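Please keep the sequence and the model in view while reading.

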Amino acid sequence: VVGVLSANLTESGHWTNVECAWLDEVAAGGLCSYHGDIMGVLSAIREEARVFQSRHEALEHILKFMRGVDQAQQRTQDGWFQARLFYGQGDQGFADFLREELRLPAGIYHLEIISPFFDDGAALRALHKALAPKSTRVYLPLREDNAAVCEKAYFDALRALPNATWAKFVDPSYLRRGTKGTDDLRRAVHAKVYRLWSKAEGE
């Protein structure tokens, strides 16, 4: 079982935060669309363990299992892109990985971003340059007093991009931990999601 998730091993990560997770099951002797990616991750962990002169039997078992799995060659299945894992392989940034490895064409997709953390806007500008999305919506995290949890540099960077807007969850009650008293607190959005989607004309 392979998992990529935003939650840390903390009480808030497991009980109160709004988190996200992707889980997949790899079948023994089967095909895996991210076989090369995960082997790269595991090999990097193994090399780091060797630096500290430590050995992890669990890691060796996982590597042995994955050597019995083959790389799936199809990029899409039933109209969906097959899963890939990005871990900073090579010298690529995330935007380059989307454009070059996944060969996502520019000007096709709408972009939605959920994140609790922001830089000065460089990552967002790189995504826009690589994909030229039709529109961009970025979730704006708020404190209890409704002040934006965002640096001014990022706020201005988003406003400078074409067809880019701030967004919020459709149902605000989703972010509440309770309904009355001191339990009625805002849940922290700790999820990190990039969603690319497109629709045919008229749908």
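The text below takes the sheet, then the helices.

The model is predicted, so local features need pLDDT of at least 70 and side-chain atom pairs count only at pLDDT 80 or more, while totals for chains, interfaces and linings use all residues. Residues are numbered from 1 along each chain as its sequence is written, and side-chain values use heavy atoms, with hydrogens and water left out.

**Sheet**

Helices (H or I, at least four residues) and strands (E, at least two) are DSSP runs, numbered from the N terminus. Two strands pair if DSSP finds at least two bridges between them. An open sheet of four strands has the order 9-8-7-10, with mixed pairing. Its edges are strand 9 (164–167) and strand 10 (193–197), each of which pairs on one side only. From one strand to the next, the twist averages 20 degrees. The pairings are as follows.

| Strands | Sense | Bridges |
|---|---|---|
| Strand 8 and strand 9 | parallel | four bridges |
| Strand 7 and strand 8 | parallel | three bridges |
| Strand 7 and strand 10 | antiparallel | five bridges |

Tyr 139 has Ala 167 in strand 9 as its bridge partner. Ile 113 stands opposite Val 138 in strand 8, and Ile 114 stands opposite Val 193 in strand 10. In strand 7, four of the five residues are buried (under 20% relative accessible area; exposed is over 50%, partly exposed in between; 1.4 Å probe, protein chains only).

**Helices**

Contact means heavy atoms within 4.5 Å. Axes are lines fitted to C-alpha atoms, for helices over the stretch in contact, and angles run from 0 to 180 degrees between N-to-C directions. Strand 8 (residues 136–139) and strand 9 pair in the parallel sense. Helix 5 (residues 122–131) packs on the sheet and touches strand 7 (110–114), strand 8 and strand 10, with its direction at about 160 degrees to that of strand 7. Helix 6 (residues 152–160) also packs on the sheet, where it touches strand 8 and strand 9; its direction makes about 130 degrees with that of strand 9.

In helix 4 (residues 94–101), the residues Ala 95, Phe 97 and Leu 98 are buried. They lie on the same side of helix 4 because they cover an arc of only 165 degrees around the axis (taken from the directions from the helix axis to the C-beta atoms). The buried residues of helix 4 pack against helix 5 and strand 10.

The axes of helix 4 and helix 5 come within 8 Å and cross at roughly 15 degrees. Helix 4 and helix 5 are therefore roughly parallel to each other (angles under 35 degrees). Their contact involves Phe 94, Ala 95, Leu 98 and Arg 99 of helix 4 and Ala 126, Leu 127, Ala 130 and Leu 131 of helix 5. After helix 4 comes Arg 103, with a positive phi near 55 degrees.

Notes. Angles under 35 degrees count as roughly parallel, over 145 as roughly antiparallel, 65 to 115 as roughly perpendicular and the rest as oblique.
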